[in-house]
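I opened the notebook to look up a few local features. The entries follow in the order in which I checked them.

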Amino acid sequence: MEFLKRNGMGLAAILCCCVLGVLLAQQSGQLQGLRQENDALTTRLDAAESAAEPEVPAAAPSARILASSVDPETRMLTLEVAAEVPGLEDYYVDIGLCQPGEPYRMAWTWDSLSRKANGTYDGTLTFPLDLDMGLELRLEDNTVLFSSDFVSDLLPLQFGQGGPSIHFNSEEQKLYLCDFDVHLVNLAGGETQGRDGKFRVYRNGKLVFTGKKAADSGFDLLVNGEPCESVGIDCTEGDRMRLCYACTDDAGLRYEFPLSEILTQKWDGTERCPISGRPMVTWAE
């Protein structure tokens, strides 16, 4: 009897161990399955986040024109240039000065920029100024650092904002102008001044009015030597009226900035015409 009791207890212990082993195995399998599901879910979430976040493209090489000056005697243009060429660690970078669209090998001249402590490259470029030219700065592999179809965009005087207020009176057949104010800037955006500033009005392509800006008198013009708040210019329905501001810079370059162009209509109406915004630039005679 004692023998059976001892054997029964042993069998019960063995059965308990077997059951416990089975339960542990089941739990281990469940845990392993949960880990796999969690890993798969994490992978899917990471993939979704990667897809939702657009890739930031690597910075492309580029250059900026910081300032410019013109030598009127030699008619040379000097540009202060700052460039960024990611991945390049050479002390100098060679650039070609090209006409827009022309490759590096066809540059009319070559120059170089030197590397600074912050990793950018800068320097000055001096070359003959052709008022009809454009400019493209290219690396030897033909990467374009800077491009402009018009050299006028690189000159010391640039139009900032302003221009006269306009009103067409169809009954009087006159175009009235007032608030003669124009702000000029340099390439850095700082305010600057031109010399001998004048407002010009063209009617159907013909110059019909020139008024000099009055000094120290607000927005007035000088008319017959006297400051005048507004002027009236003969104008009929259907006339195309173009307003410009003309001046010279310190180098003697003459600029004529287009301010606005309108087509007069019935009942005091006007239609604005598109303008390029770029000045006509000529050398002083």
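Which residue in β20 is the bridge partner of Ile262? I found that Arg272 takes that place.

I worked on a predicted model, in which local features need pLDDT of at least 70 and side-chain atom pairs count only at pLDDT 80 or more, while totals for chains, interfaces and linings use all residues. Residues are numbered from 1 along each chain as its sequence is written, and side-chain values use heavy atoms, with hydrogens and water left out.

Strands are DSSP runs (E, at least two residues), numbered from the N terminus, and two of them pair if DSSP finds at least two bridges between them. Three residues separate β19 from β20 in this hairpin, and Trp267 in the turn has a positive phi of about 55 degrees.

Loop between β6 and β7. I looked up Asn142 in this loop and read a positive phi near 75 degrees. Most residues other than glycine have a negative phi. Asn142 is partly exposed, because its relative accessible area is 33% (buried is under 20%, exposed over 50%, partly exposed in between, with a 1.4 Å probe and protein chains only).

Loop between β10 and β11. I placed Asp179 between β10 (174-178) and β11 (182-185). Phi of Asp179 is positive, near 55 degrees, and at 35% relative accessibility Asp179 counts as partly exposed.

Note on methods
Helix = DSSP H or I, 4+ residues; strand = E, 2+ residues; numbered from the N terminus.
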